[in-house]
Amino acid sequence: MAKILIPTPLRQYTEKQSEVSMPGATVGEVLSALTTRYADLRKQLYSDAGALRSYVNVYVNDEDIRYLEKDKTAVKDADTLTIVPSIAGGSTLVAEPQLATELTKEEILRYSRHLIMPEVGVEGQLKLKNASVLLVGAGGLGAPLGLYLAAAGIGRIGLVDFDVVDHTNLHRQIIHGTKDVGRRKLDSAADRMRDINPNVKLDLHEVALTSENALDILRDYDIIVDGTDNFPTRYLVNDACVLLGKPNVYGSIFRFEGQATVFAYPGGPCYRCSYPEPPPPGLVPSCAEGGVLGILPGMIGVIQATETVKLIMGIGESLVGRLVRYDALEMRFREYKVRRDPECPVCGDHPTIRKLIDYQQFCGIPQQVTTRGELDVTEVKQKIDRGDDFLLIDVREPHEYQIACIPTAKLIPLGEVAKRLNEIDPDAEIVVHCKSGGRSARAVEILRQNGYKNVANMRGGILAWSEKVDPRVPKY
Ligand SMILES: [Zn+2]
(Lines give C-alpha, C1' and ligand atoms only; values in the text may rest on other atoms or scores of the structure.)
Protein backbone atom coordinates (compact mmCIF):
# COMPACT_ATOMS: atom_id res chain seq x y z
CA MET A 1 0.00 0.00 0.00
CA ALA A 2 1.40 3.38 -0.98
CA LYS A 3 0.39 6.54 0.82
CA ILE A 4 -1.13 9.28 -1.37
CA LEU A 5 -1.34 12.87 -0.15
CA ILE A 6 -4.39 14.66 -1.53
CA PRO A 7 -4.16 18.46 -1.89
CA THR A 8 -6.95 20.65 -0.56
CA PRO A 9 -8.65 21.51 -3.89
CA LEU A 10 -9.08 17.81 -4.71
CA ARG A 11 -10.28 16.66 -1.28
CA GLN A 12 -13.88 17.38 -2.30
CA TYR A 13 -13.53 14.27 -4.48
CA THR A 14 -11.99 12.01 -1.81
CA GLU A 15 -14.63 12.38 0.88
CA LYS A 16 -12.53 15.19 2.36
CA GLN A 17 -9.62 12.87 3.16
CA SER A 18 -6.15 14.40 2.97
CA GLU A 19 -4.36 11.08 2.89
CA VAL A 20 -5.35 7.72 1.47
CA SER A 21 -3.55 4.42 0.97
CA MET A 22 -3.92 2.43 -2.24
CA PRO A 23 -2.38 -0.79 -3.54
CA GLY A 24 -0.25 -0.97 -6.67
CA ALA A 25 3.29 -1.67 -7.84
CA THR A 26 3.56 1.35 -10.12
CA VAL A 27 2.33 4.94 -10.05
CA GLY A 28 -0.17 4.07 -12.78
CA GLU A 29 -1.61 1.20 -10.75
CA VAL A 30 -1.85 3.23 -7.55
CA LEU A 31 -3.58 6.12 -9.33
CA SER A 32 -5.87 3.70 -11.09
CA ALA A 33 -6.88 2.20 -7.74
CA LEU A 34 -7.38 5.71 -6.39
CA THR A 35 -9.58 6.87 -9.24
CA THR A 36 -11.58 3.65 -9.19
CA ARG A 37 -12.30 4.21 -5.52
CA TYR A 38 -13.05 7.92 -6.12
CA ALA A 39 -14.56 8.06 -9.58
CA ASP A 40 -15.14 11.82 -9.59
CA LEU A 41 -11.43 12.35 -9.14
CA ARG A 42 -10.68 10.60 -12.42
CA LYS A 43 -12.09 13.47 -14.49
CA GLN A 44 -9.95 15.92 -12.55
CA LEU A 45 -6.72 13.98 -12.99
CA TYR A 46 -7.09 12.48 -16.46
CA SER A 47 -8.13 13.82 -19.86
CA ASP A 48 -10.82 11.98 -21.84
CA ALA A 49 -8.00 10.29 -23.73
CA GLY A 50 -6.69 8.90 -20.45
CA ALA A 51 -3.58 11.08 -20.14
CA LEU A 52 -2.63 12.71 -16.86
CA ARG A 53 -3.66 16.37 -17.11
CA SER A 54 -0.81 18.81 -17.35
CA TYR A 55 -1.91 21.09 -14.52
CA VAL A 56 -1.43 18.14 -12.19
CA ASN A 57 2.02 16.94 -11.18
CA VAL A 58 2.62 13.67 -9.39
CA TYR A 59 5.61 13.09 -7.16
CA VAL A 60 7.00 9.89 -5.68
CA ASN A 61 8.62 11.14 -2.51
CA ASP A 62 10.34 14.34 -3.71
CA GLU A 63 10.78 13.35 -7.36
CA ASP A 64 8.50 14.35 -10.25
CA ILE A 65 7.41 11.19 -12.12
CA ARG A 66 7.98 12.92 -15.46
CA TYR A 67 11.68 12.58 -14.69
CA LEU A 68 11.38 9.00 -13.48
CA GLU A 69 9.44 6.50 -15.50
CA LYS A 70 6.17 8.40 -15.56
CA ASP A 71 3.21 6.15 -14.72
CA LYS A 72 5.45 3.08 -14.89
CA THR A 73 7.53 4.37 -11.99
CA ALA A 74 7.82 1.63 -9.37
CA VAL A 75 6.20 2.28 -6.01
CA LYS A 76 7.25 0.63 -2.77
CA ASP A 77 5.19 0.34 0.38
CA ALA A 78 7.10 3.05 2.20
CA ASP A 79 6.76 5.53 -0.67
CA THR A 80 4.57 8.60 -0.55
CA LEU A 81 2.81 9.84 -3.67
CA THR A 82 1.82 13.48 -3.74
CA ILE A 83 -0.56 15.06 -6.20
CA VAL A 84 0.40 18.71 -6.63
CA PRO A 85 -2.00 20.74 -8.77
CA SER A 86 -1.11 24.29 -9.74
CA ILE A 87 -2.71 26.72 -7.27
CA ALA A 88 -5.59 30.38 -8.42
CA GLY A 89 2.27 33.63 -6.75
CA GLY A 90 23.05 37.84 -8.14
CA SER A 91 24.59 37.80 -11.23
CA THR A 92 21.93 38.79 -13.68
CA LEU A 93 20.82 41.84 -11.78
CA VAL A 94 20.42 45.09 -13.65
CA ALA A 95 22.61 47.79 -12.21
CA GLU A 96 20.94 50.97 -11.07
CA PRO A 97 22.18 53.96 -13.04
CA GLN A 98 23.97 55.45 -10.05
CA LEU A 99 25.27 52.86 -7.65
CA ALA A 100 25.53 53.82 -4.04
CA THR A 101 28.99 53.09 -2.72
CA GLU A 102 28.42 53.87 0.92
CA LEU A 103 25.85 53.83 3.67
CA THR A 104 24.84 56.96 5.56
CA LYS A 105 25.26 57.16 9.34
CA GLU A 106 21.53 56.66 9.76
CA GLU A 107 21.63 53.57 7.55
CA ILE A 108 24.55 52.08 9.45
CA LEU A 109 22.52 52.36 12.64
CA ARG A 110 19.29 51.13 11.03
CA TYR A 111 20.87 48.07 9.42
CA SER A 112 23.30 47.36 12.27
CA ARG A 113 22.00 43.81 12.88
CA HIS A 114 22.53 43.03 9.20
CA LEU A 115 25.96 44.65 9.05
CA ILE A 116 27.44 42.66 11.91
CA MET A 117 26.76 39.38 10.10
CA PRO A 118 29.72 38.60 7.85
CA GLU A 119 27.40 37.03 5.25
CA VAL A 120 25.76 40.43 4.77
CA GLY A 121 28.15 43.15 5.91
CA VAL A 122 28.35 46.56 4.26
CA GLU A 123 28.78 44.90 0.89
CA GLY A 124 25.52 42.96 1.14
CA GLN A 125 23.63 45.94 2.48
CA LEU A 126 24.87 48.05 -0.44
CA LYS A 127 23.62 45.38 -2.84
CA LEU A 128 20.18 45.70 -1.24
CA LYS A 129 20.38 49.49 -1.46
CA ASN A 130 21.28 49.30 -5.15
CA ALA A 131 18.60 46.73 -5.98
CA SER A 132 15.09 47.18 -7.34
CA VAL A 133 12.19 44.80 -6.81
CA LEU A 134 8.70 44.81 -8.32
CA LEU A 135 5.82 43.48 -6.21
CA VAL A 136 2.90 42.42 -8.36
CA GLY A 137 -0.10 42.82 -6.04
CA ALA A 138 -0.38 44.63 -2.71
CA GLY A 139 -2.72 42.05 -1.19
CA GLY A 140 -2.18 38.97 0.97
CA LEU A 141 1.34 38.10 -0.20
CA GLY A 142 2.22 41.70 -1.06
CA ALA A 143 1.56 42.81 2.54
CA PRO A 144 4.39 40.92 4.32
CA LEU A 145 6.59 41.35 1.25
CA GLY A 146 6.16 45.12 1.26
CA LEU A 147 6.79 45.38 4.99
CA TYR A 148 9.92 43.20 5.10
CA LEU A 149 11.49 44.31 1.82
CA ALA A 150 11.12 47.96 2.85
CA ALA A 151 12.58 47.21 6.28
CA ALA A 152 15.47 45.26 4.72
CA GLY A 153 16.53 48.34 2.79
CA ILE A 154 15.81 47.48 -0.85
CA GLY A 155 16.66 50.71 -2.67
CA ARG A 156 13.65 50.87 -4.97
CA ILE A 157 10.39 48.94 -4.72
CA GLY A 158 7.67 49.04 -7.34
CA LEU A 159 4.08 48.15 -6.44
CA VAL A 160 1.48 47.11 -9.00
CA ASP A 161 -2.13 47.19 -7.78
CA PHE A 162 -5.41 48.81 -8.74
CA ASP A 163 -7.56 47.62 -5.87
CA VAL A 164 -9.10 49.43 -2.92
CA VAL A 165 -8.84 48.21 0.69
CA ASP A 166 -12.04 46.59 1.93
CA HIS A 167 -13.03 44.99 5.22
CA THR A 168 -12.52 41.43 3.96
CA ASN A 169 -8.83 42.19 3.32
CA LEU A 170 -7.98 43.07 6.90
CA HIS A 171 -7.69 39.57 8.37
CA ARG A 172 -4.54 38.92 6.31
CA GLN A 173 -3.34 42.02 4.45
CA ILE A 174 -1.53 43.43 7.45
CA ILE A 175 0.07 46.30 5.57
CA HIS A 176 -3.40 47.94 5.54
CA GLY A 177 -5.33 49.08 8.61
CA THR A 178 -8.97 49.58 9.45
CA LYS A 179 -8.57 53.33 8.87
CA ASP A 180 -7.48 52.54 5.30
CA VAL A 181 -10.74 50.89 4.21
CA GLY A 182 -11.85 52.61 1.01
CA ARG A 183 -8.34 53.92 0.15
CA ARG A 184 -6.22 52.75 -2.76
CA LYS A 185 -4.06 49.83 -1.62
CA LEU A 186 -1.11 51.55 -3.26
CA ASP A 187 -1.47 54.61 -1.02
CA SER A 188 -2.10 52.63 2.10
CA ALA A 189 0.86 50.29 1.49
CA ALA A 190 3.15 53.18 0.52
CA ASP A 191 2.34 55.11 3.73
CA ARG A 192 3.20 52.12 5.87
CA MET A 193 6.40 51.31 3.95
CA ARG A 194 7.61 54.93 4.08
CA ASP A 195 7.02 54.91 7.81
CA ILE A 196 9.05 51.72 8.18
CA ASN A 197 11.90 52.96 6.01
CA PRO A 198 11.96 56.43 4.41
CA ASN A 199 15.17 55.53 2.53
CA VAL A 200 13.25 53.30 0.13
CA LYS A 201 12.14 54.83 -3.15
CA LEU A 202 8.64 53.67 -4.12
CA ASP A 203 7.16 53.47 -7.62
CA LEU A 204 3.38 53.17 -7.59
CA HIS A 205 1.80 51.57 -10.67
CA GLU A 206 -1.98 51.84 -10.47
CA VAL A 207 -2.74 49.46 -13.31
CA ALA A 208 -3.85 45.93 -13.98
CA LEU A 209 -0.86 44.13 -15.48
CA THR A 210 -1.68 43.25 -19.11
CA SER A 211 0.08 41.85 -22.14
CA GLU A 212 0.34 45.43 -23.39
CA ASN A 213 2.05 47.00 -20.38
CA ALA A 214 3.81 44.13 -18.58
CA LEU A 215 7.16 44.19 -20.38
CA ASP A 216 7.50 47.96 -19.98
CA ILE A 217 6.76 47.82 -16.27
CA LEU A 218 8.84 44.72 -15.43
CA ARG A 219 11.84 45.78 -17.50
CA ASP A 220 12.76 48.39 -14.96
CA TYR A 221 13.39 46.00 -12.04
CA ASP A 222 16.00 43.40 -11.05
CA ILE A 223 13.61 40.90 -9.49
CA ILE A 224 9.88 40.34 -9.88
CA VAL A 225 7.85 38.98 -6.98
CA ASP A 226 4.54 37.39 -7.90
CA GLY A 227 1.88 38.06 -5.30
CA THR A 228 -1.10 37.72 -7.61
CA ASP A 229 -4.24 35.71 -7.04
CA ASN A 230 -5.30 34.57 -10.50
CA PHE A 231 -3.97 32.28 -13.22
CA PRO A 232 -3.96 34.70 -16.18
CA THR A 233 -1.69 37.12 -14.31
CA ARG A 234 0.56 34.30 -13.09
CA TYR A 235 1.19 33.09 -16.65
CA LEU A 236 1.61 36.69 -17.79
CA VAL A 237 4.20 37.43 -15.06
CA ASN A 238 6.01 34.15 -15.81
CA ASP A 239 6.22 34.69 -19.54
CA ALA A 240 7.28 38.33 -19.17
CA CYS A 241 10.02 37.31 -16.70
CA VAL A 242 11.32 34.61 -19.06
CA LEU A 243 11.29 36.99 -22.04
CA LEU A 244 13.13 39.64 -20.02
CA GLY A 245 15.47 37.21 -18.22
CA LYS A 246 14.33 38.29 -14.72
CA PRO A 247 13.89 35.97 -11.76
CA ASN A 248 10.26 35.45 -10.70
CA VAL A 249 9.91 34.81 -6.97
CA TYR A 250 6.71 32.83 -6.83
CA GLY A 251 4.25 32.22 -4.02
CA SER A 252 0.66 31.01 -3.91
CA ILE A 253 -1.82 30.33 -1.17
CA PHE A 254 -5.06 28.44 -0.71
CA ARG A 255 -6.92 27.78 2.54
CA PHE A 256 -4.23 26.19 4.74
CA GLU A 257 -1.67 25.43 2.04
CA GLY A 258 0.98 27.45 0.30
CA GLN A 259 3.73 27.01 -2.26
CA ALA A 260 6.87 28.99 -3.02
CA THR A 261 9.77 28.72 -5.42
CA VAL A 262 11.92 30.82 -7.76
CA PHE A 263 11.02 30.58 -11.44
CA ALA A 264 12.68 31.97 -14.57
CA TYR A 265 16.12 32.23 -13.04
CA PRO A 266 18.60 31.76 -15.88
CA GLY A 267 19.02 28.02 -16.45
CA GLY A 268 16.23 27.17 -14.00
CA PRO A 269 12.64 26.14 -14.65
CA CYS A 270 9.73 28.49 -15.23
CA TYR A 271 6.09 28.25 -14.13
CA ARG A 272 5.13 26.70 -17.46
CA CYS A 273 7.80 23.98 -17.07
CA SER A 274 5.88 22.91 -13.98
CA TYR A 275 2.39 23.68 -15.17
CA PRO A 276 2.14 23.87 -18.97
CA GLU A 277 -1.55 24.64 -18.80
CA PRO A 278 -3.89 26.19 -16.24
CA PRO A 279 -6.68 24.24 -14.53
CA PRO A 280 -10.13 24.71 -16.04
CA PRO A 281 -11.88 27.82 -14.67
CA GLY A 282 -13.72 27.03 -11.45
CA LEU A 283 -11.76 23.91 -10.45
CA VAL A 284 -9.36 25.73 -8.16
CA PRO A 285 -11.31 28.42 -6.36
CA SER A 286 -9.73 31.79 -5.58
CA CYS A 287 -9.20 32.89 -1.96
CA ALA A 288 -12.44 34.88 -2.27
CA GLU A 289 -14.26 31.65 -3.15
CA GLY A 290 -12.31 29.06 -1.17
CA GLY A 291 -11.08 31.11 1.78
CA VAL A 292 -7.61 31.39 3.26
CA LEU A 293 -6.17 31.27 6.76
CA GLY A 294 -5.23 34.89 7.49
CA ILE A 295 -1.75 33.98 8.70
CA LEU A 296 -0.89 31.80 5.68
CA PRO A 297 0.13 34.60 3.25
CA GLY A 298 2.42 35.84 6.03
CA MET A 299 4.32 32.57 5.99
CA ILE A 300 4.54 32.32 2.20
CA GLY A 301 5.22 36.04 1.68
CA VAL A 302 8.07 35.87 4.18
CA ILE A 303 9.58 32.94 2.26
CA GLN A 304 9.35 35.03 -0.93
CA ALA A 305 10.94 38.02 0.81
CA THR A 306 13.76 35.80 2.11
CA GLU A 307 14.45 34.40 -1.36
CA THR A 308 14.42 37.90 -2.86
CA VAL A 309 16.97 39.20 -0.37
CA LYS A 310 19.17 36.10 -0.84
CA LEU A 311 19.12 36.46 -4.63
CA ILE A 312 20.12 40.11 -4.38
CA MET A 313 22.96 39.44 -1.97
CA GLY A 314 24.00 36.26 -3.77
CA ILE A 315 24.09 34.20 -0.57
CA GLY A 316 22.74 30.83 0.51
CA GLU A 317 20.97 28.21 -1.52
CA SER A 318 18.02 29.62 -3.45
CA LEU A 319 14.72 27.88 -4.19
CA VAL A 320 15.59 27.71 -7.91
CA GLY A 321 14.62 24.16 -8.93
CA ARG A 322 12.85 23.44 -5.64
CA LEU A 323 9.19 23.93 -4.78
CA VAL A 324 8.42 24.25 -1.09
CA ARG A 325 4.92 23.30 -0.01
CA TYR A 326 3.68 24.34 3.38
CA ASP A 327 0.70 22.81 5.16
CA ALA A 328 -0.39 24.93 8.12
CA LEU A 329 -2.73 22.31 9.60
CA GLU A 330 0.01 19.69 9.73
CA MET A 331 2.68 22.37 10.32
CA ARG A 332 4.86 20.65 7.81
CA PHE A 333 7.09 21.74 4.95
CA ARG A 334 7.65 19.42 2.01
CA GLU A 335 10.05 19.97 -0.82
CA TYR A 336 9.81 18.91 -4.47
CA LYS A 337 12.27 19.17 -7.32
CA VAL A 338 11.24 21.30 -10.28
CA ARG A 339 13.23 21.06 -13.48
CA ARG A 340 13.49 23.16 -16.60
CA ASP A 341 11.67 21.40 -19.42
CA PRO A 342 13.66 21.59 -22.69
CA GLU A 343 10.28 21.35 -24.47
CA CYS A 344 8.76 24.27 -22.51
CA PRO A 345 6.96 26.61 -24.95
CA VAL A 346 8.47 29.72 -23.39
CA CYS A 347 11.82 28.84 -21.74
CA GLY A 348 12.63 25.61 -23.63
CA ASP A 349 15.26 25.03 -26.29
CA HIS A 350 12.86 25.85 -29.14
CA PRO A 351 10.36 28.31 -27.66
CA THR A 352 7.10 28.86 -29.51
CA ILE A 353 5.99 31.76 -27.33
CA ARG A 354 8.20 34.75 -28.13
CA LYS A 355 5.85 37.52 -27.13
CA LEU A 356 3.05 37.95 -24.62
CA ILE A 357 -0.29 36.37 -25.55
CA ASP A 358 -3.94 36.72 -24.51
CA TYR A 359 -3.86 35.20 -21.02
CA GLN A 360 -7.59 35.41 -20.33
CA GLN A 361 -8.19 33.28 -23.38
CA PHE A 362 -5.28 30.94 -22.53
CA CYS A 363 -6.82 30.30 -19.12
CA GLY A 364 -10.23 29.64 -20.67
CA ILE A 365 -11.89 32.55 -18.94
CA PRO A 366 -14.93 33.58 -20.96
CA GLN A 367 -14.86 37.15 -22.20
CA GLN A 368 -17.50 39.59 -21.01
CA VAL A 369 -19.38 39.27 -24.31
CA THR A 370 -20.25 35.61 -23.85
CA THR A 371 -23.26 36.03 -21.63
CA ARG A 372 -25.16 33.10 -23.10
CA GLY A 373 -26.96 31.24 -20.37
CA GLU A 374 -26.46 33.90 -17.72
CA LEU A 375 -29.09 35.67 -15.67
CA ASP A 376 -28.74 38.85 -13.68
CA VAL A 377 -29.69 38.67 -9.97
CA THR A 378 -32.61 41.02 -10.56
CA GLU A 379 -33.97 38.67 -13.22
CA VAL A 380 -33.74 35.75 -10.78
CA LYS A 381 -35.55 37.81 -8.13
CA GLN A 382 -38.32 38.58 -10.63
CA LYS A 383 -38.65 34.89 -11.44
CA ILE A 384 -39.05 34.08 -7.72
CA ASP A 385 -41.56 36.91 -7.22
CA ARG A 386 -43.56 35.81 -10.25
CA GLY A 387 -43.68 32.27 -8.90
CA ASP A 388 -41.93 30.83 -11.99
CA ASP A 389 -41.43 27.08 -11.85
CA PHE A 390 -37.66 26.73 -11.76
CA LEU A 391 -35.00 25.16 -9.60
CA LEU A 392 -32.41 27.42 -7.97
CA ILE A 393 -29.29 25.46 -7.03
CA ASP A 394 -26.62 26.81 -4.69
CA VAL A 395 -23.28 25.05 -5.33
CA ARG A 396 -21.37 26.53 -2.41
CA GLU A 397 -20.27 24.60 0.68
CA PRO A 398 -22.63 24.07 3.66
CA HIS A 399 -20.63 26.41 5.92
CA GLU A 400 -21.00 29.19 3.35
CA TYR A 401 -24.75 28.53 3.16
CA GLN A 402 -24.84 29.09 6.93
CA ILE A 403 -23.22 32.52 6.52
CA ALA A 404 -25.61 33.70 3.83
CA CYS A 405 -28.20 32.09 1.59
CA ILE A 406 -31.15 32.62 -0.70
CA PRO A 407 -33.85 30.64 1.15
CA THR A 408 -35.48 29.08 -1.93
CA ALA A 409 -32.16 27.64 -3.15
CA LYS A 410 -31.34 23.94 -2.97
CA LEU A 411 -27.80 23.34 -1.68
CA ILE A 412 -25.67 20.92 -3.72
CA PRO A 413 -21.93 21.68 -3.30
CA LEU A 414 -20.02 21.74 -6.59
CA GLY A 415 -18.08 18.58 -5.76
CA GLU A 416 -21.34 16.64 -5.32
CA VAL A 417 -23.23 17.88 -8.39
CA ALA A 418 -22.11 15.04 -10.65
CA LYS A 419 -23.21 12.31 -8.24
CA ARG A 420 -26.50 13.92 -7.18
CA LEU A 421 -27.97 14.31 -10.65
CA ASN A 422 -30.84 12.02 -9.59
CA GLU A 423 -32.05 14.90 -7.38
CA ILE A 424 -32.24 17.27 -10.34
CA ASP A 425 -35.16 16.97 -12.76
CA PRO A 426 -33.73 16.85 -16.31
CA ASP A 427 -36.69 18.79 -17.69
CA ALA A 428 -36.65 21.55 -15.09
CA GLU A 429 -35.52 25.08 -15.74
CA ILE A 430 -32.39 25.44 -13.62
CA VAL A 431 -30.53 28.48 -12.30
CA VAL A 432 -27.23 27.90 -10.51
CA HIS A 433 -25.48 30.28 -8.15
CA CYS A 434 -22.40 30.34 -5.92
CA LYS A 435 -20.55 33.16 -4.16
CA SER A 436 -19.44 35.23 -7.12
CA GLY A 437 -20.16 33.17 -10.24
CA GLY A 438 -17.04 31.03 -10.82
CA ARG A 439 -18.06 27.71 -9.30
CA SER A 440 -21.60 28.00 -10.63
CA ALA A 441 -20.23 28.43 -14.18
CA ARG A 442 -18.42 25.12 -13.67
CA ALA A 443 -21.64 23.51 -12.37
CA VAL A 444 -23.54 24.79 -15.42
CA GLU A 445 -20.92 23.12 -17.58
CA ILE A 446 -21.25 19.80 -15.69
CA LEU A 447 -25.05 19.88 -15.98
CA ARG A 448 -24.91 20.64 -19.70
CA GLN A 449 -22.45 17.79 -20.23
CA ASN A 450 -25.00 15.53 -18.57
CA GLY A 451 -27.79 16.50 -20.92
CA TYR A 452 -29.45 19.33 -18.99
CA LYS A 453 -30.64 21.79 -21.62
CA ASN A 454 -32.21 24.63 -19.68
CA VAL A 455 -29.45 25.75 -17.30
CA ALA A 456 -28.37 29.30 -16.52
CA ASN A 457 -25.72 30.82 -14.29
CA MET A 458 -26.66 33.62 -11.89
CA ARG A 459 -24.14 36.32 -12.69
CA GLY A 460 -22.15 37.66 -9.72
CA GLY A 461 -23.48 35.05 -7.27
CA ILE A 462 -24.82 35.79 -3.83
CA LEU A 463 -22.51 38.82 -3.54
CA ALA A 464 -24.40 40.47 -6.38
CA TRP A 465 -27.65 39.36 -4.75
CA SER A 466 -26.64 41.13 -1.55
CA GLU A 467 -25.69 44.25 -3.49
CA LYS A 468 -28.64 44.57 -5.84
CA VAL A 469 -31.53 42.58 -4.38
CA ASP A 470 -31.34 42.07 -0.63
CA PRO A 471 -28.79 44.03 1.41
CA ARG A 472 -29.77 42.05 4.52
CA VAL A 473 -27.87 39.08 3.07
CA PRO A 474 -24.38 39.51 4.55
CA LYS A 475 -21.35 39.69 2.30
CA TYR A 476 -18.40 37.51 3.22
ZN1 LIG B 1 9.65 26.87 -18.86
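1. D394 stands opposite L411 in β16. D394 belongs to strand β15 (residues 391-394), which pairs with β16 in the parallel sense over two bridges. Two strands pair if DSSP finds at least two bridges between them. Strands (E, at least two residues) and helices (H or I, at least four) are DSSP runs, numbered from the N terminus.

2. This is a predicted model: local features need pLDDT of at least 70, side-chain atom pairs count only at pLDDT 80 or more, and totals for chains, interfaces and linings use all residues. Residues are numbered from 1 along each chain as its sequence is written.

3. Now the whole sheet. It is open, with five parallel-paired strands in the order β14-β18-β17-β15-β16. β14 (374-375) and β16 (410-411) are at the edges; each has a single partner strand, so one side of each lacks a neighbour in the sheet. Helix α17 (residues 438-449) packs on the sheet and touches β17 (430-433) and β18 (455-458). The directions of α17 and β18 make about 175°.

4. Next, a helix pair. The axes of α6 (residues 142-152) and α12 (residues 296-313) come within 8 Å and cross at roughly 35°. Axes are lines fitted to C-alpha atoms, for helices over the stretch in contact; angles run from 0 to 180 degrees between N-to-C directions.

5. Which residues of α6 meet α12? They are A143, P144, L145, Y148, L149 and A152. Their partners in α12 include P297, G301 and V309. Contact means C-beta atoms, placed from the backbone, within 7 Å.

Notes: Two residues are in contact if their C-beta atoms, placed from the backbone, lie within 7 Å.
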